[in-house]
Each structure stands twice: as structure tokens, then as C-alpha cells.
Amino acid sequence: MQISEIYKSLQGESTYAGLPCVFVRLTGCNLRCSWCDSEFSFYGGQKMSLDEVAGEVERLSPDGGLVEVTGGEPMLQEREVVPLMDRLIEAGYKVLLETSGERPLGRVPGKVIKILDVKCPNSGEPDTFDTENLEMLQAHDEIKFVLSDRTDYEFARDFVRRHRLAGRVHAVLFSPAFQKDSSGARDTSHCLLDPQELAQWILADDVPARLSLQVHKLIWDPAAKGV
Ligand code: SF4
């Protein structure tokens with residue numbers, strides 16, 4: 001499979017934020033989100049066998065733990081990434097799959113925790129989520145919405161209500177988008193949507209969502225790679 005990078009850091013998002021995690025980032029994406037912070041993964045990388053990828057994960061985290069398979073869009077390489085996830089699960093890792101949900105998810109192994117990143121209007125890639133993937137949801141999965149303004153928030157709020165997501169997954173995450181290519185200050189000044197404003201909206205509408213900040217951008221320089 002084509003791999004952009006494999007590294008160990010702290011998980012920055014989801015309910016696993018703050019935990020040590022090995023990231024396996026696959027090359028290639030079929031979307032072009034306006035605030036994407038991993039455009040470097042669209043091209044390049046190196047071809048690695050399943051044994052090589054699993055071996056690198058084991059070298060970085062020999063005693064098990066958390067592994068996130070991400071991209072780009074990892075499910076574009078479904079033929080290779082499904083056996084990889086099976087192998088990591090068998091080896092005792094807890095595996096997260098970060099995906100836009102644009103590709104079919106029916107072959108994702110049942111023990112993998114899916115983090116579905118449903119694209120909102122201002123991402124520039126609205127309506128790309130395949131709603132048939134809602135049928136694949138399991139109680140341990142999480143659904144994330146990255147929000148840049150009120151329009152995105154209302155889209156996410158209505159999506160959560162329409163599909164009754166709160167009772168179907170472990171967590172619904174509302175996350176303020178970060179400015180693309182932001183660097184320097186390690187605080188929320190780079191958020192396109194003020195977290196305080198988002199918090200007030202969530203409370204006012206009583207939305208069953210968890211406000212989620214990208215922890216890694218508050219720890220390290222927001223422009224840093226491999227952290
Ligand atoms: S799906 Fe992810 S990797 Fe692809 S363009 Fe959007 S944010 Fe970037």
C-alpha cells in the first residue's frame with residue numbers, strides 16, 4: 001500500500017484525545033476540503049507491504065495500544081487496508097479508522113472503531129458522505145463534524161437530529177475548523193469558529209454533541225507535521 005507517514009504521537013481528536021497513538025497515514029484523497037491540514041498526503045509517500053507497515057507499528061508501540069489508520073482517505077486503498085486492520089486487531093491493538101465516509105465501509109472489520117468525518121457545507125465537499133454508511137455504524141463508533149461557521153453548525157445539528165445519531169454511536173463530536181497553514185500561537189485564536197460561540201450554540205439547542213478541540217494543535221505548533 002502507499003504510505004505517507006507512520007509515527008507515534010498523542011491522539012489529538014475523538015474521545016481518545018490525549019492518549020499515545022501510532023498514526024498510519026495512507027497516501028491519496030479524493031476530496032479537497034477547504035481547511036485540509038494534510039495536503040502533503042495527497043501524493044508521494046512510499047510503497048510498503050503489509051508486513052512492513054505492521055512491523056513499523058510494532059516497533060513504535062511494541063506493547064499494543066492505540067493505532068489510527070488515516071489519510072488522505074484510507075478507504076481508497078481498501079484492498080490493502082482491510083487486511084492491515086485485521087492484522088493489527090489480531091496483534092492486540094485498538095484500531096481507529098478516520099474516514100470521510102465517502103467510500104463504502106461494509107468491509108471494515110467489526111472491531112475497528114470508525115471515526116466518520118461528515119463534511120459540512122463550508123468544507124467545499126458537502127454531500128459527499130454516503131448515508132448508506134449509517135447502516136454500518138456500531139455503538140463504539142464516533143461521528144465528527146468540523147465546523148467553520150453557523151451554517152456548518154446548523155447542518156451538523158440537523159444531521160444529528162434527523163439520523164438520531166446520539167443513541168447510535170459512542171460520541172458525536174463538534175470540532176471548530178482550524179485555519180489552514182496556521183502556525184505560531186498554540187491557542188484557539190486559529191479556530192475559524194470561536195469555541196465559546198460553538199459551546200453557546202450547543203447549549204442553547206441542547207444538541208447531544210461533545211465539543212472537541214484539536215489537542216495536538218494546542219500542544220505543538222499548528223503547522224508541525226508528524227506530531
Ligand atoms: S478528506 Fe481529509 S485528507 Fe481529504 S481533503 Fe478532506 S480533510 Fe484533507
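**Reading the fold**

Q: How much of the protein chain is buried?
A: A residue is buried if 20 or more other C-beta atoms lie within 10 Å of its own, exposed if 12 or fewer, and partly exposed in between, with C-beta atoms placed from the backbone. In the protein chain, 39% of the 227 residues are buried. This is a predicted model, where local features need pLDDT of at least 70 and side-chain atom pairs count only at pLDDT 80 or more, while totals for chains, interfaces and linings use all residues. Residues are numbered from 1 along each chain as its sequence is written.

Q: Which secondary structure elements does the protein chain have?
A: Helices (H or I, at least four residues) and strands (E, at least two) are DSSP runs, numbered from the N terminus. The protein chain has five helices and nine strands. From the N terminus on, their order is β-β-β-α-β-α-β-β-β-α-β-α-β-α.

Q: In what order do the strands form the sheet?
A: Two strands pair if DSSP finds at least two bridges between them. Here nine strands form an open sheet with mixed pairing, in the order β3-β1-β2-β4-β5-β6-β7-β8-β9. At the edges stand β3 (46-47) and β9 (210-211); each has a single partner strand, so one side of each is left without a neighbour in the sheet. Within the sheet, β5 runs parallel to β6 (residues 113-118), and four bridges join them. E98 stands opposite I115 in β6.

Q: Why does V95 count as buried?
A: V95 has 24 C-beta neighbours inside 10 Å, so it counts as buried. V95 is located in strand β5 (residues 93-99).

Q: Which residues is V95 in contact with, leaving aside its neighbours within four places in sequence?
A: Two residues are in contact if their C-beta atoms, placed from the backbone, lie within 7 Å. With those neighbours left aside, the contacts of V95 are V67, V69, M85, L88, I89, V112 and I113.

Q: Which strands does helix α1 lie across?
A: Axes are lines fitted to C-alpha atoms, for helices over the stretch in contact, and angles run from 0 to 180 degrees between N-to-C directions. Helix α1 (residues 50-60) lies across β1 (2-10), β2 (20-26) and β4 (65-70), at about 15° to β1. Helix α3 (residues 150-162) lies across β6, β7 (142-147) and β8 (171-176), and runs at about 160° to β7.
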